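This report describes selected side-chain and backbone features of the model shown below.

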Amino acid sequence: MTRTSLHSGTHDRLTHDIVAKLWNLCNVLKDDGVTYHQYVTELTYLLFLKMAKETGQEQGIPEEWRWDELEKRDGTQQLNQYKLLLLELGSSESGSSPLVQEIYANASSFIKKPVTLNRLVSEIEKLDWYSAREEGLGDLYEGLLQKNAEEKKSGAGQYFTPRPLIDSMVAVMQPTLEDVIQDPAGGTGGFPIAALHWIRDHYDISQLDEKQQKNFYEGTFYGMEHVQDTHRLALMNLMLHGLDSRPGQCGIWYGDTLSSDGLLLPPASLILTNPPFGTKKGGGLPSRDDFTFPTSNKQFCFLQHIIRALKPGGRAAVVLPDNVLFEGNVGKQIRADLMDKCNLHTILRLPTGIFYAQGVKTNVLFFTRGPVHHDQAERGNTDRGQTQQVWVYDLRANMPAFGKRTPLTREHFAAFEEAYGPDPLGLAPRTATGPEGRWQCFSREEIASRGDSLDLAWLKDDSAEDASELPEPSELARDAMGELEGALDDLRAILAELGEELEELV
């Protein structure tokens, strides 16, 4: 075994051990009725203070609100100090930095008992922070976010794309030092962080001069997230990986991509994203006025944003549900527009149920924006008919039911990555695997004959008819309960704003 693999194994074990200890602390909060998502948010408030101390980045936190001031108190005094610092650090009048203000914006605690907070603070203080610093606090926090998503797919889990899938998408897109990378549905920051890891592994950033490094860290990664609690997690995650978030400058901004906020994101040469599924709340249209095809379907709206946000020649990898591939009316128009303006060269059909609710079927669309000719630039037109053929890799048919018993790993994507080839634009020579294989090519004419449906499947899926592969009834019941808990949390938040309380169900 090489030194690198030995270090990697030790690194993974240390990170796993610390994440496990942090996650076990959630049991402390159960008596206070705190959900998993609330726990991770609460832990973020505390970990930010501790990690700022450990990394020497406390300059953005006024002295009276730093970790040491909280840790030396106990009982009611400590709880009062904690609740006060949550209010103060989110205020522009506190003297805290803009990043600190964003992380603590509208922050409030779910902790009711002084003994609960004291236990959390004490256990966090006991962790092996020397090893945590050596192994990377960013990886530790990423592990905590992943644990949250695995435990409960509602709440923060709905914004968490499986890391093996993210890593595979990044690997075939091959980010470079010259790219401007965007995630318009930023979630917890998984895509920009994976892209950063790829670039660090393939380029020597230390050889860049000071100005070049500044431009890289402050001008490469952009995104937007409209759920404030999730935005906090993203800010913390990016900070621990060495990436700043500055409104209007770089990082993941707090805002709604489907409003005029989205127009502020700079044009990108690479977009990596997993937009939220479903329709806009209330069924209304997004407030963006630049979409050619108005629709309340959020996925179709994000797809239109991505087409517009890509620079000529820019490339994208986007996770989308099956309905985007076959839905008629405006869906058909948007797919035709996509294939006209972009080279949609590859579709990866993903296994069922790897994230989101059980049974949701998803895909990754890989495409490249066509060029804009000088005589068309003023009208904003591009070359028409960019897509000549679409290659489809079926990683769904006859695949196992992924979950805790059968985790999704990077190895599951190895054959796809090999078939995709070494060209990030999808232009490497490709060979179909025959009617019984997973890799097929469809011409633009064939797709047009199907009414521009991209729901291109040819393998008989025996697993779809095998009842033994279905989740256990108890697992389905737990998923349903999780969704109900999430809905109740939303209702409680609404009623709390109205000054009322939701009666507990019995």
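Rings of Phe, Tyr and Trp (its six-membered ring) are paired if their centres lie within 6.5 Å; planes under 30 degrees apart count as stacked, over 60 as edge-to-face and the rest as tilted. By this rule there are 12 aromatic pairs. The model is predicted: local features need pLDDT of at least 70, side-chain atom pairs count only at pLDDT 80 or more, and totals for chains, interfaces and linings use all residues. Residues are numbered from 1 along each chain as its sequence is written, and side-chain values use heavy atoms, with hydrogens and water left out.

**Aromatic pairs**

Two of the pairs are set out here.

| Pair | Centre to centre | Angle between planes | Class |
|---|---|---|---|
| F216 and F221 | 5.7 Å | 80° | edge-to-face |
| F416 and Y420 | 5.9 Å | 70° | edge-to-face |

Burial is stated by relative accessible area: buried means under 20%, exposed over 50%, and partly exposed in between (1.4 Å probe, protein chains only). F216 and F221 are both buried. F416 counts as buried because its relative accessibility is 1%, and Y420 is buried with a relative accessible area of 0%.

Helices (H or I, at least four residues) and strands (E, at least two) are DSSP runs, numbered from the N terminus. F416 and Y420 both belong to helix α18 (residues 414–420), where they are four residues apart, about one turn of the helix. Ring pairs also join these two residues with F366, W391, Y393 and W439 in a cluster.

A charge sits over a ring if NZ of Lys or CZ of Arg is within 6 Å of the ring centre and within 35 degrees of the ring normal. The charged end of R430 is placed in this way over the ring of Y420, 4.8 Å from its centre.

**Nonpolar cores**

A nonpolar core is a set of buried Ala, Val, Leu, Ile, Met, Phe, Trp, Tyr and Cys residues joined through side-chain atoms within 4.5 Å. The largest such core has 48 residues, of which L22, L47 and Y104 touch the most other members. Helix α3 (residues 36–54) supplies the largest share of this core, 10 residues. Where contact means heavy atoms within 4.5 Å, L47 is in contact with L22, A52, I124, W129, Y141, L144 and M236, leaving aside its neighbours within four places in sequence. A second, separate core of 44 residues includes F191, V319, W391 and Y393.

**Cysteines**

With a disulfide defined as a pair of cysteine sulfur atoms within 2.5 Å, the structure holds zero disulfides. C342 counts as buried because its relative accessibility is 0%, whereas C441 is partly exposed at 26%.

**Helix α10 and positive phi values**

Helix α10 (residues 163–173) is mostly covered, with 10 of its 11 residues buried. Among them are R163, P164, L165 and I166. Q174 follows α10 and has a positive phi, near 50°.

Which value does phi of N106 take? Phi of N106 is near 55°, a positive value in a residue other than glycine. N106 is found in the loop between α6 (98–103) and α7 (114–126) and is exposed, with a relative accessible area of 64%.

D452, also a residue other than glycine, has a positive phi near 60°. The loop between α19 (444–449) and α20 (473–497) contains D452, which counts as buried at 10% relative accessibility.
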